[in-house]
Amino acid sequence: MPDVKRTVKIITEQHVIGKPSGVEGFPMRSWNIRLVLVHETTGEDVQANLFEKATYKLHPTFGDRETQVIKRPPFKIQEEGWGEFDMRIIVSAIDKGGDHELLHDLNFQKERYEAEHKITFKNPKANLLERLKESGSVGGEENGVKSKRGDESAKKKRRSEKGVDMERLADSLQRLGEEDLLQVVQMVHDNKTADTYTKNDVEQGEFHVDLYTLPDSLVRMLWDFCVEKLGS
């Protein structure tokens, strides 16, 4: 399963309140923060229900409230204070999808402002995958079942569309030397699309790519490269 990226939007609202702050020139303010997802296609705000909790790490002067855990979307925190500071927000995905840390600048320049952060879910499991579908595409998954990239008829169709013998291309890539393969990896990274499936196995020192998910221009580029290095 390819990695899936999503955008988390942090929405901050604040205003001055009629309480003394004890610090001249710095009025007391009420502020709140909530989290939503940005739909990858429509750009609309979507409920961030793929997280099971959000942990806010505030300024030490908040004492017992320095660390606050919110367990329901939109993971809204409400506080009062007079000072600006940088905070950490750790969002924990469901289905053991990992913790993701967001750095947020609490400031009082505007009464409402937004900040967006990209996060990556690596090999998401079934439950998390279903939630991810509510906010956009998940690559090689359709209706909760992995698409069959091995379907021979689909492969033959794509092969004719690309005008390249994909089996010969795969064989040629395996015969390239190490330096040439590094160039291939770079070419794939530079020219892949959102539909391209790749997997970088750092521990094994291996790079996997599904040739049938590459754009036509990249397939032709790889074919010409192999012909140049290995001959026709």
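Rings of Phe, Tyr and Trp count as a pair here if their centres lie within 6.5 Å. With that in hand, Trp31, Phe62 and Phe85 form one aromatic cluster. Keep in mind that this is a predicted model.

**Aromatic rings**
- The structure has five aromatic pairs in total.
- Take Trp31 and Phe85: their ring centres sit 6.3 Å apart with the planes at 70°, so this pair is edge-to-face, given that planes over 60 degrees apart get that label.
- Trp31 belongs to strand S2 and Phe85 to strand S7, so their pairing ties together parts of the chain that are 54 residues apart in sequence.
- Both partners, Trp31 and Phe85, are buried.

**Nonpolar cores**
- The largest nonpolar core counts 34 residues.
- Trp31 turns up again here: along with Phe51, Tyr56 and Met87, it has the most contacts inside that core.
- Several elements give two or more residues to this core, including strand S1 (4–16), strand S2 (29–38), strand S4 (51–57) and helix H1 (126–132).
- Strands S7 (85–93), S8 (99–106) and S9 (112–121) are on that list too.
- S7 supplies the largest share of the core, with five residues.
- Another core lies apart from this one; it has 17 residues, among them Val184, Val188, Tyr212 and Leu214.

**Strand pairing around S1**
- S1 pairs with S9 in the antiparallel sense, over 10 bridges.
- In that pairing, you'll find Arg6 opposite Ile119 in S9.
- S1 also pairs with S2, again antiparallel and over 10 bridges.
- On that side, Glu13 stands opposite Asn32 in S2.
- As a rule, side chains in a regular strand alternate between the two faces of the sheet.

**Helix H4**
- H4 covers residues 178–191, and at 1.5 Å a residue its 14 residues should span 20 Å; the end C-alpha atoms are 20 Å apart, so the two agree.
- Its buried residues are Asp180, Val184, Met187 and Val188.
- Looking down the axis of H4, those buried residues fall within an arc of 100°, so they line one face of the helix.
- Which exposed residues sit on the face of H4 turned away from its buried side? They are Glu178, Glu179, Leu182 and Asp190.

How values were computed: Residues numbered from 1 in each chain as written. Predicted model: local features only at pLDDT ≥ 70, side-chain atom pairs only at ≥ 80, totals over all residues. Heavy atoms only, no water. Helix = DSSP H or I, 4+ residues; strand = E, 2+ residues; numbered from the N terminus. Expected span 1.5 Å × (residues − 1). Buried < 20%, exposed > 50% of the residue type's maximum accessible area, 1.4 Å probe, protein only. Arc of directions from axis to C-beta. Core = buried A, V, L, I, M, F, W, Y, C linked by side-chain atoms within 4.5 Å. Phe/Tyr/Trp six-rings, centres within 6.5 Å; stacked < 30°, edge-to-face > 60°. Pairing = 2+ DSSP bridges.
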